[in-house]
Amino acid sequence: MATGGAGYIGSLATSAGAAHILCTGGAGYIGSHTCVKLVEAGFKVSIMDNLLNSNKRVMERLKELTGKDIPLFEVDMCVADDVNKLFAEQKFDGVIHFAGLKAVGESVAKPIWYYENNITGTINILKAMASSGTNCIVFSSSATVYKPCEDPLDEEKPTGCSNPYGWTKYMIEQILIDAQKADASLGVSILRYFNPVGAHSSGRIGEAPSGYPNNLMPFIQQVAVGRREALSVFGTDYSTKDGSGVRDYIHVEDLAEGHVAALKRILELKTGTIIHNLGSGNGVSVLEMVKAFEESSGKPIPIKLADRRPGDLAVVVANAGKANKELNWETKRSLKDMTDSVWKWVSSHPFGYDDPPPEESLRKESGFSQTLRRGSVEVGFSQTLRKESGFS
Ligand code: NAD
Ligand code: UFG
């Protein structure tokens, strides 16, 4: 594992000091964890975010964790003038481009919004980079760009998407590849994430989804703290180890270190496009994740057996060999590290960075009849559903 060493930055330092990296979407889940690792690795960091899906309070936590005042520029990447102004006023040596809308279902309902936000925003950033002489970009892509395939996915596997969110990632990858072909001074790193989960080991930053949680871990964490009654397990008849879906979960701190490694590599190469999967290569089933979370939290997670979710595959796992070799990076945190860190975060922040809402809205949110104690995670559950399901 070769991330985080500050020594290397010496060779990347500019005349003004440490390389200055702009994290678009840096106030969000993955961006905030990456900002911590970037500062630890010796980079100077700024954030550009319109806070559409994040909370300004994360900035206090970043200061607490890094000891640095990371500037937050509240800019919408779709407003070209504002993006240009920011790039003209600041000197950025590189961009890590996290900003984007990311909910698959929402993208099906609101495709134009997704295409406009994610693609127009990226084009604005690329234009501002070109006019201000910023020559390096690392992009948050996704395993969703691969055509359905249940074998371990290496970077050569065929690409193709099934929803507008995925197509935005696919199209942005192509835009970046073409922009780099036309401008040899540009360096592009595309990172295809598998399933990011977990929180910072301090429990001070973590995933705080707004609205209904669509992904597995945010749903489990809301069940654990009493905000949802039970987890629906989407499909228990897959030909997997226990019938439930298998995914490649990656601890967000490993993912964040993967960004530092990719950034260093592309700053060093100075040109070209590099594409890497960031995953662990290990498959974990839904039921294994539930069990691991129960062990970390000491809380039962009631489950309901549900039909398969349309579009889901039985297994999605990375072959991360290319990143291991070329970025000298690999995951080092276990499933237990993932669930322990989520529990540390969510047990102290059951509503993420927000204050708890009034009790009445809590009851409505969870559908519970019992009174939930505000700000408390000590909410008991019946084991009935779990017993009915036949899982122990
Ligand atoms: P997130 O929603 O927590 O963070 C994204 C950030 O982008 C938010 O803070 C949001 O306010 C900001 N943003 C959105 N539109 C913006 C705009 N127009 N201008 C400025 N800021 C804007 O999401 P995340 O989970 O941290 O994901 C980060 C990136 O990684 C996204 O591009 C996402 O598509 C990608 N990704 C995430 C996952 C995952 O499972 N979390 C998997 C694969 C890829
Ligand atoms: N699942 C449940 N119940 C839930 C939610 C999920 O059983 O309430 C199951 C799913 O069926 C799947 C597994 O948990 O088997 C993981 O589902 P997620 O929704 O957490 O993640 P996906 O693998 O479906 O997709 C996520 C992102 C995509 C991204 C992909 C790879 O949503 O955008 O990871 O990065 F492309």
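Okay, so let's start with the shell around ligand 2: by class it has 11 nonpolar, eight polar and three charged residues. For the classes, Ala, Val, Leu, Ile, Met, Phe, Trp, Tyr, Cys and Pro count as nonpolar, Asp, Glu, Lys and Arg as charged, and the others, Gly among them, as polar.

Quick housekeeping. This is a predicted model, where local features need pLDDT of at least 70, side-chain atom pairs count only at pLDDT 80 or more, and totals for chains, interfaces and linings use all residues. Residues are numbered from 1 along each chain as its sequence is written, and chains are lettered from A and ligands numbered from 1 in the order in which they are written.

Back to ligand 2. It has 22 residues around it, going by a C-beta atom, placed from the backbone, within 6 Å. The closest are Thr144, Asn215, Leu216, Phe234 and Gly245. β8 (231–234) and α8 (216–224) each give at least two residues to that shell, and β8 has the largest share, with four. Those labels are DSSP runs, helices being H or I with at least four residues and strands E with at least two, numbered from the N terminus.

Now, what does α8 pack against? Helix α10, residues 286–297, at about 40° with the axes 11 Å apart. The axes are lines fitted to C-alpha atoms over the stretch in contact, and angles run from 0 to 180 degrees between N-to-C directions. On the α8 side the contact uses Leu216, Ile220 and Ala224, and on the α10 side Val286, Met289, Val290, Phe293 and Ser297, with contact meaning C-beta atoms, placed from the backbone, within 7 Å. Those split into seven nonpolar, one polar and no charged.

How values were computed: Contact = placed C-beta atoms within 7 Å.
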